[in-house]
Amino acid sequence: MAEVHVIGQIVGASGFSSSSLFCKWGIHTGGAWKLLSGLREGQTQVDNPQLDDVAYWSHPIDVHFATKGLQGWPKLHLQVWHQDSFGRCELYGYGFCHVPSSPGFHRLDCVTWRPLGSWQEQLSQRFVGGGPQLLNSDLIYMGADRYRLQTCAMGTVHLQLAVLLRNFDRYGVEA
């Protein structure tokens, strides 16, 4: 089988309105993909920068897949959360990006968004916190219903990924 090995890190995030951020991440693939090693999902630590608005996580990603075809190429989906001084967690943004299909080192910037909700939910969020969240996290990377949501732009998550491809030519998989 053809193999894809992704090694890298979630460097951090910038452009968010508050600090004390952490990131939940996962990798989604199609049915023809088999995870050989590594973790499909994880979570970074909370970073509370003192000087600038950039959160640094340097969280490692190391996954190895085998596949029979290109359909269902891996997508990295992200959720950025804010932790307040009381330990409460509030969603700050969703985002996703495709793992690059070309071998080599790649720097990626994944823009994030969050659902707006009704004007009552927005008013409640301003005074109480919280806010609307997706009931089904598949909407982050599945495009059909996502475009009906009213959203606002949030910050950017920065990634560095190295992609290694193996045996694509031997098994007739054209990259």
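Colleague: Leaving aside its neighbours within four places in sequence, which residues is Thr 67 in contact with?

Modeller: Bear in mind that this is a predicted model, where local features need pLDDT of at least 70, side-chain atom pairs count only at pLDDT 80 or more, and totals for chains, interfaces and linings use all residues. Residues are numbered from 1 along each chain as its sequence is written, and side-chain values use heavy atoms, with hydrogens and water left out. Taking contact as heavy atoms within 4.5 Å, and skipping neighbours within four places in sequence, the partners of Thr 67 are Met 1, Ala 2, Ala 32, Trp 33 and Phe 168.

Colleague: And is Thr 67 buried or exposed?

Modeller: Thr 67 sits in strand β5 (residues 55-67); strands are DSSP runs of E with at least two residues, helices are runs of H or I with at least four, and both are numbered from the N terminus. Buried means under 20% relative accessible area, exposed over 50%, and partly exposed in between, with a 1.4 Å probe and protein chains only. At a relative accessible area of 0%, Thr 67 is therefore buried.

Colleague: Which residue's backbone oxygen lies 2.6 Å from a polar atom of the Thr 67 side chain?

Modeller: That's a polar contact: N or O atoms within 3.5 Å, where within protein one must be able to donate a hydrogen and the other to accept it, and residues adjacent in sequence count only if both atoms are side-chain atoms. The backbone oxygen at 2.6 Å from the Thr 67 side chain belongs to Gly 69.

Colleague: Zooming out, how many helices and strands are there in the protein?

Modeller: From the N terminus on, the elements run β-β-β-β-β-β-β-β-α-α-β. The tally is two helices and nine strands.

Colleague: Why is strand β6 largely enclosed by the rest of the structure, and which strands pair with β6?

Modeller: Eight of the nine residues of β6 (residues 75-83) are buried, so the rest of the structure largely encloses this strand. Strands pair if DSSP finds at least two bridges between them. On one hand there is an antiparallel pairing over eight bridges with β2 (residues 21-28), where Trp 25 has Leu 78 of β6 as its bridge partner. On the other there is an antiparallel pairing over nine bridges, and that partner is β7 (residues 89-98).

Colleague: What phi does Gly 87 have in the turn between β6 and β7?

Modeller: β6 and β7 form a hairpin with five residues between them, and Lys 75 stands opposite His 98 in β7. In the turn, Gly 87 has a positive phi of about 85 degrees.

Colleague: How many aromatic pairs does the structure hold, and how far apart in sequence are the parts tied together by Phe 16 and Tyr 92?

Modeller: Rings of Phe, Tyr and Trp (its six-membered ring) pair if their centres lie within 6.5 Å; planes under 30 degrees apart are stacked, over 60 edge-to-face, and the rest tilted. The structure holds six such pairs. Phe 16 and Tyr 92 have ring centres 6.4 Å apart and planes at 25 degrees, so they count as stacked. Phe 16 is in the loop between β1 (2-14) and β2, and Tyr 92 is in strand β7, so the parts tied together are separated by 76 residues.

Colleague: Which cysteine sulfur is nearest to that of Cys 110?

Modeller: A disulfide needs two cysteine sulfur atoms within 2.5 Å, and the structure holds zero of them. Cys 110 is in none, and the nearest cysteine sulfur, 4.4 Å away, is that of Cys 97.
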